[in-house]
Amino acid sequence: DLKTGLNPLKQDVKKGKLRYVANCFPHHGYIWNYGAIPQTWEDPNHTDPSTNCKGDNDPIDVCEIGHKIHPRGSVVQVKILGTFAMIDEGETDWKVLAIDITDPLAENLNDIHDVEKVMPGFLAATVEWFKVYKMPDGKPANQFAFDDKPKDKEFAESIVAGCHDFWKKLMSGESPAGDISLVNSTLGNGHSIDDTAARGIVDANPALGEALPLPDNVDKWHYVSLK
């Protein structure tokens, strides 16, 4: 939640309801662990020279492609393998591919070309997933830069480093924050608060209640075509 102090993790809400990803046949739910790289920011005022599109105002998305399904909120050390450049409504939306360093496949996956060798078809499935997942909502298929092809590890790491620099400029006030909350407890800058104030923000949230039942349509299949 970029608008709330300390930027807590929360489930997306759409039209007042919790958001669940549509199941676009043959993909049921997510096909990787989907998360974000901390301390990165895709600057909406910067036009990326490789995509000619501006950033999407979010941290970099990461697809962790290992065997384990990580619990929500997990912090996982990963090895970066490469990245896709999705163009979402005219904005650059990097999709970094990475592997949990403790995964059994990690020693055999060191760059993007290794993914096709070890996990044939997985890169193509990832592109298809991202192209179609918004189509059940009536939106057009997403597009990708670089002819739908992924860029390698070196390129991906340079993107992450660049977005980390954008994040530092954001947090220092050098870049305009818009409606992003810069409140933090670790950076020692003008937006930092002490542990007592941080605990106050956390404690102000409602107590954890019982989980609501999943919607009846959460497992519904959607059949869409890119043709």
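N57 sits in the loop between β5 and β6, where strands (E, at least two residues) and helices (H or I, at least four) are DSSP runs numbered from the N terminus. This is a predicted model, so local features need pLDDT of at least 70, side-chain atom pairs count only at pLDDT 80 or more, and totals for chains, interfaces and linings use all residues. Residues are numbered from 1 along each chain as its sequence is written, and side-chain values use heavy atoms, with hydrogens and water left out.

- N57 has a phi near 70°, a positive value in a residue other than glycine.
- N57 counts as partly exposed because its relative accessibility is 25%; buried means under 20% relative accessible area, exposed means over 50%, and partly exposed is in between (1.4 Å probe, protein chains only).
- D56 is found in this loop too, between β5 (54–55) and β6 (60–64).
- What does the side chain of D56 reach at 3.2 Å? It's the backbone nitrogen of D58, a polar contact (a pair of N or O atoms within 3.5 Å; within protein, one must be able to donate a hydrogen and the other to accept it, and residues adjacent in sequence count only if both atoms are side-chain atoms).
- D56 is buried yet has no salt bridge, and the nearest side chain of opposite charge, K95, is 6.0 Å away. For charges, Lys and Arg count as positive and Asp and Glu as negative, while His and the chain ends are not counted.
- Leaving aside neighbours within four places in sequence, D56 is in contact (heavy atoms within 4.5 Å) with E42, E91, T92 and D93.

**Salt bridges**

- Side chains of opposite charge can pair when their charged atoms come close.
- A salt bridge here is a side-chain nitrogen of Lys or Arg within 4 Å of a carboxyl oxygen of Asp or Glu, and the count by this rule comes to 10.
- D61 and K95 pair up in a salt bridge, at 2.6 Å from N to O. This pair links distant parts of the chain, with D61 in strand β6 and K95 in strand β8, 34 residues apart.
- Are D61 and K95 buried or exposed? Both are buried.
- D61 and K95 also belong to a network of salt bridges together with D93.
- K131 and D148 meet in another salt bridge (2.7 Å, N to O). Here helix α2 (residues 122–132) supplies K131, and D148 comes from the loop between β9 (143–144) and α3 (153–172), 17 residues apart.
- K131 counts as buried because its relative accessibility is 15%, while D148, at 27%, counts as partly exposed.
- R19 forms a salt bridge with D12, and their closest N and O atoms are 3.2 Å apart. R19 is partly exposed at 36% relative accessibility, and D12 is partly exposed at 44%.

**Backbone spots to look for**

- E89 has a phi near 50°, a positive value in a residue other than glycine. You'll find E89 in the loop between β7 (78–88) and β8 (91–100), and it counts as exposed because its relative accessibility is 62%.
- F25 and P26 are joined by a cis peptide bond, with omega about 5°. P26 lies in the loop between β3 (23–24) and β4 (33–37).
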